[in-house]
Amino acid sequence: AIVTPPPSEDLRYLKSSALHTWLLGYEFPETIIVFQPKHIHILCSNKKAMLLEELQKSSKELFGLEVIIYAKARDDDGSSAMQTILGAISSGRKPNTCVVGWLPKEAPEGPLMEKWNEVLSQSGFTLVDVSSGLSEIFAVKDDIEIQNIRKASFLCASVLQNYVVHKLEVVIDEEKKITHAELMDDTEKAVIDPSKAKVKLK
């Protein structure tokens, strides 16, 4: 069971978001995905549900997986759909015999994530940390991913060498005052706009 937090302007690495990008090529904030051997349950907003409907036909045809989407209205906390999902997980079994994987290190953010954690913790299911399992999945890279990693490494090294070091030298030489937050913001802008670090990514 993977749940993603609301969108944030902060640059951060979350395994839940990484899994969305890895599987779907896009991050779906405030979305719950529960994987079962023959079913995938997705709880999300109406707009995201419309985008994810494309998965239903292709998943059934290619893999025999049934994708069940629960579209949540803006004023709905999703608790009813969550109970339906928990019912699908247990399928009549005793709760303590059901094992659910989750990411306990990702602190709950936003009402949907908080509600899901509350419902899951009260379910009586055995909860297992799947962080290391996801790390093993992400560790396997194809040729395109390896190329992207090389470009990201080159970009980071170039930003440090061509932008950050130069900026620090100017600050020291001219005895300017700059906060760590300002330096971090400027560095982030250089990563987002590589031309500031004189980098061309082909």
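1. Buried here means under 20% relative accessible area. By that cut-off, helix H3 of this predicted model has Ala81, Met82, Ile85, Leu86, Ile89 and Ser90 buried. The cover over these buried residues includes strands E2, E3, E4 and E5, and helix H4.

2. H3 runs over residues 79-90. The helix has 12 residues and reaches 16 Å from its first C-alpha to its last, close to the 16 Å expected at 1.5 Å a residue. Just after H3, Ser91 takes a positive phi of about 45°.

3. Which residues touch the most other members of the largest nonpolar core? They are Ile32, Leu43, Ile89 and Trp116, in a core of 19 residues. Strand E2 (32-35), H3 and H4 are the elements that give two or more residues to this core. Nonpolar side chains tend to be buried together in soluble globular proteins.

4. Leaving aside neighbours within four places in sequence, Ile89 is in contact with Val34, Gln36, Cys98, Val100 and Phe125. Another core, of 10 residues, lies apart from the largest one. Its members include Ile33, Ile40, Ala49 and Val67.

5. Helix H4 covers residues 110-121. Its 12 residues reach 17 Å from first C-alpha to last, close to the 16 Å expected at 1.5 Å a residue. Buried in H4 are Gly110, Leu112, Met113, Trp116, Asn117, Val119 and Leu120. Seen down the axis of H4, these buried residues fall within an arc of 165°, so they line one face of the helix. Pro111 and Ser121 are exposed on the other side.

6. His41 sits in strand E3 (residues 39-45). Is His41 buried or exposed? His41 counts as buried, because its relative accessibility is 3%. The side chain of His41 makes a polar contact with the side chain of Tyr70, at 3.0 Å.

7. The surroundings of His41 can be listed too. Leaving aside neighbours within four places in sequence, His41 is in contact with Ile32, Ile33, Val34, Gln36, Ile68, Tyr70, Ile85 and Ala88. One of these, Ile32, is among the residues that touch the most other members of the largest core. Another, Ile33, belongs to the core of 10 residues. Ile85 is one of the buried residues of H3.

8. How many aromatic pairs does a search of the whole structure find? The search finds two. In one, the rings of Trp22 and Phe138 have centres 5.9 Å apart and planes at 70°, so the pair is edge-to-face. Trp22 lies in helix H1 (residues 15-24) and Phe138 in helix H5 (residues 131-139), so the pair ties together parts 116 residues apart in sequence. Trp22 is partly exposed, with a relative accessible area of 40%. Phe138 is buried, at 10%.

9. Tyr26 and Phe28 also form an edge-to-face aromatic pair. Their rings are 5.1 Å apart centre to centre, with 75° between the planes. Tyr26 is exposed, with a relative accessible area of 52%. Phe28 counts as buried, at 7% relative accessibility.

Definitions and conventions: Residues are numbered from 1 along each chain as its sequence is written. This is a predicted model: local features need pLDDT of at least 70, side-chain atom pairs count only at pLDDT 80 or more; totals for chains, interfaces and linings use all residues. Side-chain values use heavy atoms; hydrogens and water are left out. Rings of Phe, Tyr and Trp (its six-membered ring) pair if their centres lie within 6.5 Å; planes under 30 degrees apart count as stacked, over 60 as edge-to-face and the rest as tilted. Helices (H or I, at least four residues) and strands (E, at least two) are DSSP runs, numbered from the N terminus. Buried means under 20% relative accessible area, exposed over 50%, partly exposed in between (1.4 Å probe, protein chains only). Contact means heavy atoms within 4.5 Å. A polar contact is a pair of N or O atoms within 3.5 Å; within protein, one must be able to donate a hydrogen and the other to accept it, and residues adjacent in sequence count only if both atoms are side-chain atoms. The expected span of a helix is 1.5 Å times one less than its number of residues. The arc is that of the directions from the helix axis to the C-beta atoms. A nonpolar core is a set of buried Ala, Val, Leu, Ile, Met, Phe, Trp, Tyr and Cys residues joined through side-chain atoms within 4.5 Å.
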